[in-house]
Amino acid sequence: MSKSIVTRYEKYSAFSGAPAECEHHLIFGKGVHKLADADGLTIGLLHKEHNLSPKGTIDQIHENPAAEKLSKMCGQLVN
């Protein structure tokens with residue numbers, strides 16, 4: 001995981017506090033991951049919170065329009 005400027009606890013899920021399984025880039029889109037990594041705009045998440053929820057998009061960031069917008073807003077505010 002890259003060093004986050006959003007939280008000093010990037011090894012833990014920002015939502016549940018469980019050990020993180022993946023990282024979410026707060027500014028995302030085609031070709032933007034490297035920029036988010038360079039700026040530290042990442043948070044730790046569980047896979048189910050990121051994009052693999054068994055309940056569908058209501059419990060994850062990706063493919064959830066409200067969660068995606070809030071994620072981008074968080075990245076813009078921190079930066």
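A38 is exposed, at 65% relative accessible area; exposed here means over 50%, buried under 20%, and partly exposed in between, with a 1.4 Å probe on protein chains only. What you see is a predicted model, where local features need pLDDT of at least 70, side-chain atom pairs count only at pLDDT 80 or more, and totals for chains, interfaces and linings use all residues. Residues are numbered from 1 along each chain as its sequence is written, and side-chain values use heavy atoms, with hydrogens and water left out.

A38 sits in helix 1, residues 33-39. Helices (H or I, at least four residues) and strands (E, at least two) are DSSP runs, numbered from the N terminus. From the C-alpha atom of A38 to that of K69, 31 residues away along the chain, the separation is 21 Å.

Next, strand 2, residues 42-45. T42 and G44 point one way, I43 and L45 the other, and all are buried. Strand 2 pairs with strand 1, residues 22-25, antiparallel, over four bridges; pairing requires at least two DSSP bridges between the strands. Opposite I43 stands H24.

I43 also belongs to the largest nonpolar core, seven residues: C22, L26, A36, L41, I43, L45 and I61. Such a core is a set of buried Ala, Val, Leu, Ile, Met, Phe, Trp, Tyr and Cys residues joined through side-chain atoms within 4.5 Å. In soluble globular proteins, nonpolar side chains tend to be buried together.

Last, S13, in the segment before strand 1. Is S13 buried or exposed? S13 counts as buried, because its relative accessibility is 5%. Its side chain reaches the backbone nitrogen of S16 at 3.1 Å.

Definitions and conventions: Polar contact = N/O pair within 3.5 Å; in protein donor to acceptor, adjacent residues only side chain to side chain.
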